[in-house]
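Here's a quick briefing to read with the model open beside you.

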Amino acid sequence: MNTTAIIGGGFSGTLASVNLVRFAKKQQRVVIVNSGRPFGRGTAYGTTRPEHLLNVAARNMSAFPDHPDHFFHWLRSRCEFDSVPDAELRETFVPRQIYGDYVRGVATHFLGSHDPRSQVECKVIEDTAVDIEPRGDGGVVLLEKGQPIEAQNVLLATGNQPPAGLPGAERLASDSRYVGNPWKNWHESLPNDDAHIVVLGTGLTAVDVVVTLRKKGWNGRITAISRNGMLPQRHFRGIQWPSVVPDDGQHRSLQELSKLIRQDCERLRGVSQNPAIAVDKLRGRTQAFWQNLTIEEKQRFLKEYAPSWNVIRHRIAGPIHDAITDSLDCGQLTIIPATIQSLSAEERTIDVSLIDTSSQPQTVHGDLVINCTGPKARFSNSGIPLYQQLFARGLAKPDDMDMGIAVDSHFAVIDADGQSSAFLHAIGPILKGTLWETVAVPELRAQAMHVAQAILLQPPVHIQDFDTIEYCI
């Protein structure tokens, strides 16, 4: 019986295992190594806070690319949505913990042993993979605590790296005033309302922190710091709009793409429409555009365009945006555009040393400091033991951008000699340097389906193409 070991029990790993069950035509064994978060939920959907909403409307959140209404129909089984009309439900941004229920429910349905027709035996192991040794036609996954797993195929679905360490943060590991992991239960012991909370970052995780503080009725001061000082934008209602980049198969430079998109944004402003429509209309081809850029163009994009792209592309639900806006308007929340230089523990506060946009030094004093700077970007010096070992063995290498690991078009990992592995695959956010657009459900569900078919040596199932439009028409 062929065995596939999947390292990672979040959305990507869970859906890969589900698709192995869906498409297997002969007996298989799947072993999922899950670490940290509850199986099937991962970091994104492991939250227990009801105020944390999806950043994507329900219509785009099916777990299956070949069944785009699957999540919508599942929501119809929930009593709390009985009175919501279909059109409204499709545009609803439901709590992330409910979406976690959905993923767990899908896993229970497909991975359980209740169906005697199933060709796949599944097992979830709560442990941490620390190494992979090649053996024969496959490999052996070494675990931190348990017995090794021999497998003919191994899938890396580990999700994002932990946040990058900030200068001085290592000395704050045991200081209760510093939160290095924003997904821990920091909100259970907040300082008094006359205190000052400093949030490092202004992205989606920082937004979660501010929304949770407001939900808990905390009335103190909040300061959020990031290099660009930009917050995610709000989802909106727009119009039908053609893509500005012709789908003619031509490769276009970053300069050409930038010019076309800027012109399209101006046309949209001219008809009183949100210019983010121009970005949404590129969604289905963003990966192809990225892969056709040179390394120099990708580096330039990251430096000049990525901050603006991210706040436009990764938008937030209306109620979340309203809460952030209210916090800004009442003076509770202050945004500082600056570069974080270091952190230090003082007698009464954690001090954050900054260099602001005018190159002036500044110090912000926080009674509680929360690191929301996002996952570590560089992979060549990853702090994850598994990847350190894979690189040392030559079984994998960082991608050309050093933002993840290198894979081929079938998600096979590329080794140090530039050869595609016969047994090692990867999907999810660790492919960001290769694909750029690889963190949202519409892309991850397609990867999970395609990699399962590649592992099973099956040709890809044809799926009818449809645009993934984030805004509501």
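Let's start inside: the lining of the largest cavity divides into seven nonpolar residues, two polar and no charged ones. Bear in mind that this is a predicted model. From the cavity we go on to a pocket, a helix residue, the core and some strands.

**The cavity**

- The structure holds one cavity of 30 Å³ or more, and the volume of the largest cavity comes out at about 30 Å³.
- Its lining is made up of Gly 201, Thr 202, Ala 206, Val 207, Val 210, Ala 224, Leu 231, Ile 324 and Leu 333.
- Helix H5 (residues 204–215) gives the most to that lining, with three residues.

**The second largest pocket**

- This pocket has a volume of about 1,000 Å³.
- There are 37 residues lining the second largest pocket, and the closest to its centre are Gly 284, Gln 287, Glu 443, Ala 446 and Asp 465.
- Sorted by class, the lining has 14 nonpolar, 12 polar and 11 charged residues.
- Three helices each supply at least two lining residues: H8 (286–292), H13 (432–435) and H14 (441–455).
- H14 has the largest share of the lining, at six residues.

**Met 449 in H14**

- While you're looking at helix H14, find Met 449, which lies in it.
- Is Met 449 buried or exposed? Its relative accessibility is 0%, so Met 449 counts as buried.
- Leaving aside neighbours within four places in sequence, Met 449 is in contact with Asn 19, Arg 22, Phe 23, Pro 65, Asp 66, Val 461 and Ile 463.
- Arg 22 is 427 residues away from Met 449 along the chain, yet their C-alpha atoms are separated by 9.4 Å.

**The nonpolar core and Ile 132**

- The largest nonpolar core has 76 residues.
- Which residues have the most contacts inside this core? They are Tyr 99, Ile 132, Leu 156 and Ile 405.
- Take Ile 132: beyond its neighbours within four places in sequence, this residue is in contact with Ile 7, Val 140, Val 141, Val 154, Leu 156, Leu 386, Leu 390, Arg 393, Leu 395, Phe 423 and Leu 424.
- Ile 132 also has a bridge partner in strand E5, namely Val 141.

**Strand E5 and its two partners**

- E5 (residues 138–143) is mostly covered, with five of its six residues buried.
- Strand E4 (residues 129–135) runs antiparallel to E5, and six bridges join the two.
- E4 and E5 make a hairpin with two residues between them, and Gly 136 in the turn has a positive phi of about 60 degrees.
- E5 is also joined to strand E6 (residues 149–151), by three bridges and again antiparallel.
- Val 140 stands opposite Glu 150 in E6.

**The seven-stranded sheet**

- Elsewhere, seven strands form an open sheet with mixed pairing, in the order E8-E14-E9-E10-E11-E12-E13.
- Strands E8 (178–179) and E13 (361–366) are at the edges with a single partner strand each, so one side of each is left without a neighbour in the sheet.
- E8 and strand E14 (residues 368–371) run parallel and are joined by two bridges.
- Val 179 has Ile 370 as its bridge partner in E14.

Methods
Residues are numbered from 1 along each chain as its sequence is written. This is a predicted model: local features need pLDDT of at least 70, side-chain atom pairs count only at pLDDT 80 or more; totals for chains, interfaces and linings use all residues. Side-chain values use heavy atoms; hydrogens and water are left out. A nonpolar core is a set of buried Ala, Val, Leu, Ile, Met, Phe, Trp, Tyr and Cys residues joined through side-chain atoms within 4.5 Å. Buried means under 20% relative accessible area, exposed over 50%, partly exposed in between (1.4 Å probe, protein chains only). Contact means heavy atoms within 4.5 Å. On a 1 Å grid over the protein atoms alone, a cavity is a set of points where a 1.4 Å probe fits but cannot get out, and a pocket is an open set with protein on both sides within 12 Å along at least five of seven lines; lining residues have an atom within 4 Å of a point. Grid points are joined across faces, edges and corners, and a volume is the space filled by probe spheres set on the points. Helices (H or I, at least four residues) and strands (E, at least two) are DSSP runs, numbered from the N terminus. Ala, Val, Leu, Ile, Met, Phe, Trp, Tyr, Cys and Pro count as nonpolar, Asp, Glu, Lys and Arg as charged, and the others, Gly among them, as polar. Two strands pair if DSSP finds at least two bridges between them.
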